[in-house]
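Reader: I would like to go through this model with you, asking at each step what a given description rests on.

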Amino acid sequence: MAAPIVYCKCGKKTKIRTSWRDPNPSRRFYGCSGFNIIPIQLRLIVVFSLWYDPPICKRASDVIPGLLRRVNRLEVENKQFETGLKSRAQSRILATRLIVELVLVMAILLTKFGDNEKEAIVLELGM
Ligand SMILES: [Zn+2]
């Protein structure tokens, strides 16, 4: 069944939104569709809300906020972990490139010079 159309006292249609505040986590309400364009200073004055869902049980209102904080914390930690992985992967790619370039330079040097010069290059590079 479709939700009834509810109008805010400012005249705009309301939208069904979800509260994530501690006393009513995940409880839906009718909120003014113009809420986001109302200046922050006026929001408390003109805000209109009517609950769409019945009140949630005490146990849920005690448990859900803690779970939400935990999810948020884990999302932050995951983002930091992914950033760390990317930088380690970039370091590995750079190291691999350096090794490949060194091998190529060695190959070029060893094919262009005679045996005596090759020995001098190898000794100079400590190989
Ligand atoms: Zn309104």
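Reader: In what order do the elements of the protein chain run from the N terminus on?

Author: In this predicted model, the elements run β-β-α-β-α-α from the N terminus on, and the chain holds 3 helices and 3 strands.

Reader: What makes the strands an open sheet, and in which order do they lie?

Author: The 3 strands lie in the order 1-2-3 with antiparallel pairing, and strand 1 (14-18) and strand 3 (49-51) are the edge strands, each pairing on one side only. From one strand to the next, the twist averages 30°.

Reader: What is the span of helix 2, and what span is expected?

Author: Helix 2 (residues 58-112) has 55 residues and reaches 82 Å from its first C-alpha to its last, which is close to the 81 Å expected at 1.5 Å a residue.

Reader: Why is helix 2 said to lie largely in the open?

Author: A residue is buried if 20 or more other C-beta atoms lie within 10 Å of its own; of the 55 residues of helix 2, the number buried is 0, so the helix lies largely in the open. Over the 127 residues in the protein chain, buried residues make up 5%.

Reader: Where does UniProt place the transmembrane region, and what is the helix content there?

Author: The unreviewed UniProt entry places the feature "transmembrane region" at residues 94-113, where the chain is 95% helix and 0% strand, with end C-alpha atoms 29 Å apart.

Technical notes
Residues are numbered from 1 along each chain as its sequence is written. This is a predicted model: local features need pLDDT of at least 70, side-chain atom pairs count only at pLDDT 80 or more; totals for chains, interfaces and linings use all residues. UniProt positions are given in the numbering used here, feature names are shortened, and annotations may be inferred rather than shown by experiment. Helices (H or I, at least four residues) and strands (E, at least two) are DSSP runs, numbered from the N terminus. A residue is buried if 20 or more other C-beta atoms lie within 10 Å of its own, exposed if 12 or fewer, and partly exposed in between; C-beta atoms are placed from the backbone. The expected span of a helix is 1.5 Å times one less than its number of residues. Two strands pair if DSSP finds at least two bridges between them. Axes are lines fitted to C-alpha atoms, for helices over the stretch in contact, and angles run from 0 to 180 degrees between N-to-C directions.
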